Amino acid sequence: MSEVVASLTKNRRTTLERVEKFLSKEYFVDVNLYGRLYRQSQDITDILHWNASSPSPSPSTLPHPDTTDHASTCSSEHTHQPAWKVSVPEKEHFAPYKLGEPFGPTFSTHFFHVAIAIPPAWLGGEVHLLWDSGSEAMIWRDRALTEPLQALSGGVDFQMRDCFVLGKKIEECERTRELWLEVACNDLFGAGAGGMINPPDMGRMFAVKKAKIAVFDREVWELFTDLEVIVGMAKSLPENDPRNHDAMYLANHIVNVMKTTDAKISEVRKLTQTFFSRKNGDSQHKIFALGHCHIDCAWLWTYDETIRKCGRSWITMVRLMEEYPDFRFVCSSAQQFQWVKDYYPLAYDQIKKFVKNGQFIPVGGTWVEMDGNLPSGEAFIRQFLYGQKFFEEEFGKRCDIFWLPDTFGYSAQLPQIMRLAGIKFFLTQKLSWSLTNQFPHHNFLWRGIDGSEVLVHFPPGDSYGMDLTVADTLKTVDKLKDKGRAHQSVLLYGYGDGGGGPTPAMIERGRRMRDVDGLPKVVLNESISDFFAALEKEQANLNTWSGELYLELHNGTYTTQGEIKRKNRLVQNLLRDVEFLDAVLMAFYGIPPVDRKSQWHDLMLQQFHDVLPGSSIGLVNQDANRILSGLIEGLQVECAAALAHLVENGDETALFNATAGEIRFKSADTSSLGNVFHTLPPYSLTSSFNRLTAQAYTTSLTQQGEYFILENRQIVVTLDKFGQISSMLLNSGYAQAVRQCIAPGGTANSLVMFDDVPLYWDAWDCMDYHLEARMIEKNFVRADMVDGSVLVVEFQMSSACSVLQKISLVPDAAVVLVNCTVNWKEKHKFLKMEVDANITSENRRATYEIQHGYVERPAHRNTSWDWAKFEVCCQRWADLSEHGFGVSVLNATNHGFSIRERKMALSLLRAPKCPDADADMGVHELRYAIMPHWGTFQDAGVVQQAIALNDTWDPRIAPLIPPNSAAPPPNEQQTEEHLSGLIQFFTLSNPAVVLDAVKAAENGMSRTIVIRLYEAYGGAATCRVVTRFPVNGFQECDILEDVVGAPLKELSDSSFIVQLRAFEIKTYLLFLSDEIKLK
């Protein structure tokens, strides 16, 4: 072979385009190298088709396809049969199929039987099946669908996977073959009508466009892959780099040789091999290339379809691992592993084999890749508890890397929760999507609000689905923001969301780039743990980021699909309640606790980062709403049954409080006090109002002209006929001093609507300019006074938005409670409730509750970083204060918030139309409160009031057995003894410490309960915990319930001391005595 000759011209553009066209899949395919990949081909004519989504052609002999509603998905156990899980009939029930014939519609399932007859002349050659149905498909070896072979995907040209290797060297016995193809009528990104994120076109039809067998020329493909890398270097290396020109001239020379001589491919490849043999220096950046296939648990398709996406993608990865021993693939989400285990058991057995040899790498440690802002702290903890438990049980080890590449921001409490779950590393990339500011690091230490730190890596390619091209590797190095501090990076490659992950071509390109002069070093056969081990050695060189990782985009997800968010909050609270009751029943009655893993699994699935945020199609939202509603109904029945077992016979109500807040409620009393209110202490249970101290109820409501005056001993509120507060006077108790809480000319409880049309991501985004399109007009309907203490107002914001509010005061507290019913039928509008707080300090920083703590954010717009946080996420409360005074807004149903200057705004509802055209349409029950206070929010008890506002068990009307329920007590064994009086199961000496969970221990520990506490005020705290449980010893553990710290301590006086640093979470095992004593 002759020496490489440079191009005769110095016209770089024509030379480059010439070699690109030589590899093109579109241009000059009849004469270029791509056109030589398949030497011969033959159409498949023997194709049979069966529509699995229509009734069986022979009902008497065939099972019908399962018609279970999409929304009946069960996440935890293999009890749900998806609509696609059918028994495939014999071939005689199939019909002949011709290419191009339509089938469908969207999300239906079709089976094709393909009879393959390979011509004798092809013996000894490598033969492929080429198939394109414009959709996703699975190839099965048998009609019984027991052995999956590989996935195919079409419909998205840049992520096409259309070939299956029938044999590398066909023998006579392999000439005839039958295959069964299961075709799903959707592509990688669902079936959006006219655009990816549009609502699905449910009438879309599909067709098989290509069904061939063909002889593959592997030698040509090897040269083709060589040239992909070489041409990539010519295109992507700097023009002043000599290696760039070497690559361009070599590629051009090879084109000349191929066009003008009969040189064998093997001879031509000697030129490319010589090029690749020139090695890198030791200082080149090292890239850990790891296969990845990010699959959303639901998004533009349903949960049921995700099960198939996982099965299809992961069996395809198994095939690649069989062929490429150096291939490494990372995969997260215990839920998805559980699905594959349930529905693809043979594939799962193969996966476990490759997990054991280190090729298939489980990561993450959570049940799903959850949203990073919206779930409660306890829900975050359960993600790790049940995720780590699954990985340990299935694969013999836990994860030490948290994996969350695609959620919409990250709570500042996550570092502590990670560390408590045995995780010290974290990988994501989503902050690269921020619209205003570029995050300054790709490698850093992330410090949470308690001081915990984890080591973080953002892949500098700013993607979790690259193609492993030369351009990808160079981008990874070029974009790295920590040059000189870190000398290795991760590059994640592969097609996600059903695209099947990496392809052979990607791996082959990676192999060629292992150690080539001019490129970073690419390693394929090292793991993500190897990467973090290397990065950890350079940890001392890295910067630290403290606080939340805020994504400057997708902040509309704090509000979209409000009903899902409301139900999520309610289920979180109900699980807290029922687990507390489980512990009581076990401690005092010896009743074994209920295994609640499946309920938590179902809730955690709904907390996936496209479900709870509200960014999925309508079918998914229907699923989520029905699953959450089922949990609510079931948990309420279980709570009622448990309480019926606990309290005295004949009682009609049970008063139960599993929270840190005091629950106050008004009730009628025949004593001289007249109307009274009762207070149920934290962590307590009683069976009668008479067990509680009655206090005089002082709230009054009067009308003065056009205004209404709502007052008690703590506060005087002036409202107009729309429920807007024009004056709020807070009594101090000192010399009758009062404070006006509303800014001059301002209002509170003012509902305002904004125009809300984002740039693209409809359900995801609200843009800063929405604040410029403000609408405040209202049409009055009515204003009524009820029971002398509740103002009921009704008005219309527009013809598509009507509002009914019931406004009252929490008994003997400066808390204005608003129960708001909104009939919402708007389009691209944003509804908020505003408070103009009378805060004069210019050093404004607002405080927002997050999981197990709070963060401060600027209330001014000094920098682009400040202004970018024009809409933020909070949990149950937000506060704006100056020295000695502040105003808090509490909520039981919402998460979106903004505080700008002195204006506080709680986001209530949005009305996006993509990907769910009916998002948030309908009637919404919202609940929030406005709480002015003296002193700090800590001193004023804002935390406890917000917790009380979110209490799920209404002690005024809670029947022991809900109507129409035949729920039995927790077990069939009845007892005549009951808990009597007022029992406060826990008493905490320090209000800064919140007891957030009481539950039975995992890991089969009998007569052991777990309690979880956190410091809520932001400072070190010492607290005595007194319990009425029959505890004889306690020991600290982590959130996985593994013992840590000091050895077992005996308990003699039913109390113990805990010490916590600011925002620290601590978990304890309480060992109960064997003697069961009723108290």
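Okay, so a residue counts as buried under 20% relative accessible area, exposed over 50%, and partly exposed in between, with a 1.4 Å probe and protein chains only. By that rule E147, at 27% relative accessibility, is partly exposed.

What we have here is a predicted model, where local features need pLDDT of at least 70, side-chain atom pairs count only at pLDDT 80 or more, and totals for chains, interfaces and linings use all residues. Numbering runs from 1 along each chain as its sequence is written, and side-chain values use heavy atoms, with hydrogens and water left out.

Back to E147, then. Its salt-bridge partner is R141, with the closest N and O atoms 2.8 Å apart. I call something a salt bridge when a side-chain nitrogen of Lys or Arg is within 4 Å of a carboxyl oxygen of Asp or Glu. The count by this rule is 66 salt bridges. R141 is partly exposed as well, at 40% relative accessibility.

Now look at D162 and K210, whose side chains also meet in a salt bridge, 2.8 Å from N to O. D162 sits in the loop between strand 8 (148-153) and strand 9 (163-167), while K210 belongs to strand 12 (residues 210-216), so this pair ties together parts that are 48 residues apart in sequence. Helices (H or I, at least four residues) and strands (E, at least two) are DSSP runs, by the way, numbered from the N terminus. Both partners are partly exposed: D162 has a relative accessible area of 21%, and K210 has 24%.

For a local pair, go to helix 4 (residues 265-276), where E267 and K270 lie 3 residues apart, about one turn of the helix. Their side chains form a salt bridge at 3.2 Å, N to O. E267 is partly exposed at 29%, and K270 is partly exposed at 45%. There's a network too: salt bridges with shared partners join E136, E182, E305, R308, K309 and R312.

Let's go inside. Which residues of helix 1 (residues 12-22) are buried? They are R12, T15, L16, V19 and F22. Viewed down the helix axis, they fall within an arc of 120 degrees, so they line one face of helix 1; the arc is taken from the directions from the helix axis to the C-beta atoms. Those buried residues pack against helix 2 (218-236) and helix 3 (242-260), with contact meaning heavy atoms within 4.5 Å.

Next, strand 25 (residues 676-680). Here 5 of the 5 residues are buried, so the strand is largely enclosed by the rest of the structure. In a regular strand the side chains alternate between the two faces of the sheet. On one side of strand 25 we have V676, H678 and L680, on the other F677 and T679, and both faces are covered.

What does strand 25 pair with over 5 bridges? That's strand 24 (residues 663-667), in the antiparallel sense, and S667 has V676 as its bridge partner. Pairing requires DSSP to find at least two bridges between the strands.

Last stop, the surface. M196, L435, L759, Y760 and Y769 make a nonpolar patch of about 490 Å². M196 is in the loop between strand 10 (176-184) and strand 11 (206-207), and at 31% relative accessibility M196 is partly exposed. Patches use residues with over 30% relative accessible area and no salt bridge, joining like charges within 9 Å and nonpolar side chains (Val, Leu, Ile, Met, Phe, Trp, Tyr) within 5 Å. Accessible areas come from the Shrake-Rupley method with a 1.4 Å probe, and for residues only the protein chains shown count as cover.
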